[in-house]
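Thanks for coming. Please have a look at the model first.

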Amino acid sequence: MTVTGIGGLFFRSRDPEVRSAWYREHLGIGAGAEGVWQQDAGMTVFAPFAADSDYFGSDQPFMINLRVTGLDALVTRLEAAGIAVERRSEWETEHGRFARIHDPEGLPLELWELPD
């Protein structure tokens, strides 16, 4: 028997309806009690980090990394919607390009565009 993938991601929310709508509107993710998100095939990194890691905020138990295409266009669209986007030159690596945003309740989201 083998695990074949992540079947769901469930997390607490102060306002699940508003948060689900944000994910649907800004990231195109079928979120919420009635939502199903059909993902493209691709790799998933499953990696525990050291408790004192500064890769993401120490007040957050985890960060979601989302594979994207067209990172520049997505960033432009997010910023036009008033969503703060963080980009750093050191996040342009041989592994791809990265940007960071936060959902309405402060959960960090890393956007990852794979290299060509």
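Which residue forms a salt bridge with arginine 88? The partner is glutamate 86, and the closest N and O atoms are 2.7 Å apart. By salt bridge I mean a side-chain nitrogen of Lys or Arg within 4 Å of a carboxyl oxygen of Asp or Glu.

Before I go on: this is a predicted model, where local features need pLDDT of at least 70 and side-chain atom pairs count only at pLDDT 80 or more, while totals for chains, interfaces and linings use all residues. Residues are numbered from 1 along each chain as its sequence is written, and side-chain values use heavy atoms, with hydrogens and water left out.

Back to that pair. Arginine 88 has a relative accessible area of 39% and glutamate 86 has 32%, so both count as partly exposed. The cut-offs are under 20% for buried, over 50% for exposed, and partly exposed in between, with a 1.4 Å probe and protein chains only.

The structure holds 10 salt bridges. Another one joins aspartate 103 to arginine 19, again with closest N and O atoms 2.7 Å apart. Aspartate 103 sits in the loop between β3 (96-102) and β4 (108-113), and arginine 19 in helix α1 (residues 16-27), so this pair ties together parts 84 residues apart in sequence. Helices (H or I, at least four residues) and strands (E, at least two) are DSSP runs, numbered from the N terminus. Both aspartate 103 and arginine 19 are buried.

Last, glutamate 92 meets arginine 97 at 3.0 Å, N to O.
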